[in-house]
Amino acid sequence: MSPVLDRIVTLTGRIAPPERPTMSGRVLRYDGLILECAGFPASPGTLARIETEDGGHVLGEVVGFAEGRNLLFLEQPGSRITVGAMVRRMPGGHHAQMGEGLLGRVIDAQGAPLDGRPDPDCPDPWPLAGHVVNPLARQPVAEALDVGVRLINAALTVGLGQRVGIVAGSGVGKSVLIEMLTRNTEADVVVVGLIGERAREVGAFVGQVMKGGSAYKTVVVAVPADRSPLLRIRAANRATAIAEYFRAKGKRVMLILDSLTRVAHARREIGLALGEQPTSRGYPPSVVSLLPTLIERAGPGLAGEGSITAFYTVLADGDDTSDPVVDTARAILDGHIVLSRAQAQMGIFPAIDLPQSVSRVMNDIVDPAHDAAARRLRRLIALYLENRDMMLMGAYVPGQDIELDEAIRVWPAITAFIGQDRHEAAPLQDARTALLSLTATP
């Protein structure tokens, strides 16, 4: 058995009282992805250890059962498994170990450390699927949260416990924006789930955020793109479970999941392998049910608990914001921030497309003057961008539209207001003051 697998088995063995696995079966069918074995009592999510042809073992997870057989998805698809190989049920699978020892650490989907340090001290079990919470017992979103990004603080103010989507195509500054949020947000604990990202990007992101004053309060759960879809989903659940654990302890938690789309793709791979019928753009029904289940776990806690303010990145392939995952997430979330390729090409970073973005709780957490100024800024930006091509062609004559003339006059000030260096922090009150000054009638 490999050292990594030894560590995983050791970690999962701590979740339940130590006992040798006694329930087992034999492999009946294996197509390189889905494994069928003789049935033994196991619910979806149960872990199992399967013997391989070379004398080692590989871990799998029960994803269903049919006709008295268990169906397992392996953490290493394509493993060398033969018919009749032993499949043994392992303890754990439905719980994760939690504790203060997770702070400042980088772990994988099974909780094993990726930072070369010893296993974190985590004495408390917590269900990976979370606890069911009465929605009427949750605390309201009633307080603004300082995220340190000027345009978001000013015109898309985020509330404590809000769930926000960051919708973006590739290469428009999504990763830089979440780095800024991680460093600058006023939170007691920051949990970052890097799901299905490039290994190079994972290393670069960890190198940026796990240093300085924010490192001691940050937990990173990372699963690169080359890992099993099973691990990608488990990592999303583990990151959310960690956030829930600290919320239950009264902490203000910020959860960043990058990306929700990769989680949906992982669920699609598993669903199609299990024979689900693809519906919209190849996504089976299980994807549509997974997203709200995951997202609804974030938000405010019960009385006496803390909150989880969550940011979920959503990839708009080809800048198509009508993608099913984008549509589903946008309908569930409490707001969304759209990043614009056009603004990125103009050199405006962060490239937030304010007219297409919205915070559904902003009206409830800011004063009327702040709200009015944000609406005026949105109008000025929309006017300028809608008429930019006409102005470049020389088809617009100043004086024809007073509002457009105003937008043209203040556009340099607007771009200076939006632009922010990745290492700069813009406090909430400073952003509000700058917004009121920018939108004041001359």
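In strand E15 (residues 252-258), Asp258 is the bridge partner of Leu194. Helices (H or I, at least four residues) and strands (E, at least two) are DSSP runs, numbered from the N terminus. Strand E13 (residues 189-197) pairs with E15 in the parallel sense, over six bridges. Two strands count as paired if DSSP finds at least two bridges between them. E13 also runs parallel to strand E14 (residues 218-224), and seven bridges join these two strands. Within E14, Val220 stands opposite Val192.

The model is predicted: local features need pLDDT of at least 70, side-chain atom pairs count only at pLDDT 80 or more, and totals for chains, interfaces and linings use all residues. Residues are numbered from 1 along each chain as its sequence is written, and side-chain values use heavy atoms, with hydrogens and water left out.

E13, helix H4 (residues 199-209) and E14 form a β-α-β unit, and this unit is right-handed. A crossover is right-handed if, with the strands pointing away from the viewer, the path from the first strand over the helix to the second runs clockwise. E13 is mostly covered, with nine of its nine residues buried. Buried means under 20% relative accessible area, exposed over 50%, and partly exposed in between (1.4 Å probe, protein chains only).

Helix H3 (residues 174-184) is mostly covered too: nine of its 11 residues are buried. Among them are Lys174, Glu179, Leu181 and Asn184. The cover over the buried residues of H3 includes helix H2 (150-155), strand E12 (163-168) and strand E17 (307-315). E13, H4 and E15 also contribute to this cover. Contact here means heavy atoms within 4.5 Å.

The chain is divided into domain 1 (24-89), domain 2 (95-363) and domain 3 (370-439). These bounds come from an automatic or database domain assignment. The centres of domain 1 and domain 3, taken over C-alpha atoms, are 58 Å apart.

The largest nonpolar core has 63 residues, of which Ile152, Leu181, Phe311, Leu377 and Ile414 touch the most other members. This core lies between domain 2 (95-363) and domain 3 (370-439), because both give residues to it. A second, separate core has 48 residues, including Ala96, Cys122, Ala235 and Ile295. A nonpolar core is a set of buried Ala, Val, Leu, Ile, Met, Phe, Trp, Tyr and Cys residues joined through side-chain atoms within 4.5 Å.

Ile152 is in contact with Val147, Thr157, Val158, Leu177, Leu181, Ile337 and Ile352, leaving aside neighbours within four places in sequence. Ile381 lies in helix H11 (residues 368-392). Ile381 counts as buried because its relative accessibility is 1%. Not counting residues up to four places away in sequence, Ile381 touches Leu354, Pro355, Trp411, Ile414 and Ile418. Ile381 and Ser214 are 167 residues apart in sequence and 34 Å apart in space, C-alpha to C-alpha.

Gln97 is found in strand E7 (residues 95-98). Its relative accessibility is 10%, so Gln97 counts as buried. From Gln97 to Leu71 there are 26 residues in sequence and 26 Å in space, C-alpha to C-alpha.

The structure holds zero disulfides. A disulfide is a pair of cysteine sulfur atoms within 2.5 Å.
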